[in-house]
Amino acid sequence: MGIEKLMEGNQTFVENEYAENIEYYKALLKGQNPHVMMIGCCDSRVAPEITCHAKPGEIFVHRNIGNIVPPGDWNIGTFLEYGIRHLKVNTLVVCGHEECGAMKALASKKSGDDVLIPGWLRHAHTALDTVEKKGEKPTDPEEARKWQSELEIENVKLQLAHLRTYSVVKDAEDAGKLRVVGLYYRMSTAQLEVVDPGRPLKVE
């Protein structure tokens, strides 16, 4: 898919979706008011706006390899600070997914010629350690898929813990103004599963 395909797709969007809902899209020029923040994987198969059937302006999204939240990361930190303090979003989600290439790479323990990816994936090593304590990855293909899924879900739990190392998240959650949720997208069924529902918001 080259630039020509992108431009053709944009023209189709302009002539159909945009033209049919022009007032909605014009209203977005005034600002955004998303109802949820999401940290997801940048895997091209799991775009949250599509899998959650959301319109532009509804989800404030950060995507990276493996839906990872490194403690002290400026990129993640500015996303959190802006979404929580300025956009006043009260729901923060970490969403992992089935067949995640990042988690497969983590489990393989092979870096090859990659320079940056291994360093990034070290922020998920604790999840791998947790799963491996229960048993090594099975050789049977079906059992291996279940083991891999368990790793992907464990990684979501780990990244939720990493989120709470950011004071902007911890303070808002402790005050009952932010709900921190873990989700898992199972590609084989297209269903979202709740890994951790988080603490309920305080009613004011």
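Predicted model: local features only at pLDDT ≥ 70, side-chain atom pairs only at ≥ 80, totals over all residues.

Trainee: Fine. In what order do the strands of the sheet come?

Mentor: The order is β2-β1-β3-β4-β5, in an open sheet of five strands with mixed pairing. From one strand to the next, the twist averages 25°.

Trainee: Which way do β3 and β4 run, parallel or antiparallel?

Mentor: Parallel. Strand β3, residues 91-97, pairs with β4 over seven bridges. Valine 93, for instance, has valine 181 in β4 as its bridge partner.

Trainee: And how many bridges join β4 to β5?

Mentor: Five, and there the strands run antiparallel; β4 covers residues 179-186. Tyrosine 185 is opposite leucine 192 in β5, and tyrosine 184 is opposite glutamate 193 in β5.

Trainee: Why is β4 described as largely enclosed?

Mentor: Because six of its eight residues are buried, β4 is largely enclosed by the rest of the structure. Buried here means under 20% relative accessible area.

Trainee: What sits between β4 and β5 in the hairpin?

Mentor: Four residues lie between the strands, and alanine 190 in that hairpin has a positive phi near 65°. Alanine 190 is in the loop between β4 and β5, and its relative accessible area of 46% makes it partly exposed.

Trainee: Where is lysine 88 found, and is it buried or exposed?

Mentor: Lysine 88 is in the loop between α4 (74-86) and β3. Its relative accessibility is 62%, so lysine 88 counts as exposed.

Trainee: Switching to charges. How many salt bridges does the structure hold?

Mentor: There are 12. As background, side chains of opposite charge can pair when their charged atoms come close.

Trainee: Give me one. Which residue does lysine 104 pair with?

Mentor: Glutamate 99, with the closest N and O atoms 2.5 Å apart. Lysine 104 is partly exposed at 37% relative accessibility, and glutamate 99 is partly exposed at 26%.

Trainee: What about glutamate 132, what does it bridge to?

Mentor: To lysine 109, the closest N and O atoms being 3.0 Å apart. That pair links distant parts of the chain, 23 residues apart: glutamate 132 is in helix α7 (residues 125-132), and lysine 109 is in the loop between α5 (101-108) and α6 (117-121).

Trainee: Are those two partners buried or exposed?

Mentor: One of each. Glutamate 132 has 17% relative accessibility, so it counts as buried. Lysine 109 has a relative accessible area of 55%, so it is exposed.

Trainee: OK. Which residue meets glutamate 173 in a salt bridge?

Mentor: Arginine 164, at 2.8 Å from N to O. Glutamate 173 counts as buried, with 3% relative accessibility, whereas arginine 164 is partly exposed at 27%. Salt bridges with shared partners join Arg164, Lys170, Glu173, Asp174 and Arg199 into one network.

Trainee: Last topic, pockets. How much space lies in the largest pocket?

Mentor: About 220 Å³.

Trainee: Which helices supply at least two residues each to its lining?

Mentor: α5, α6 and α7. The lining consists of Ala105, Leu106, Lys109, Lys110, Ser111, Asp114, Ile117, Pro118, Leu121, His125, Leu128 and Asp129.

Trainee: Lysine 109 again, then. What is the make-up of the lining by class?

Mentor: Six residues are nonpolar, two are polar and four are charged.

Note on methods. Residues numbered from 1 in each chain as written. Heavy atoms only, no water. Pairing = 2+ DSSP bridges. Axes fitted to C-alpha atoms, helices over the stretch in contact; angles between N-to-C directions. Salt bridge = Lys/Arg side-chain N within 4 Å of Asp/Glu carboxyl O. Buried < 20%, exposed > 50% of the residue type's maximum accessible area, 1.4 Å probe, protein only. 1 Å grid on protein atoms, 1.4 Å probe; cavity = no way out; pocket = protein on both sides within 12 Å on 5 of 7 lines; lining within 4 Å. Points joined across faces, edges and corners; volume = space filled by probe spheres on them. Nonpolar A, V, L, I, M, F, W, Y, C, P; charged D, E, K, R; others polar.
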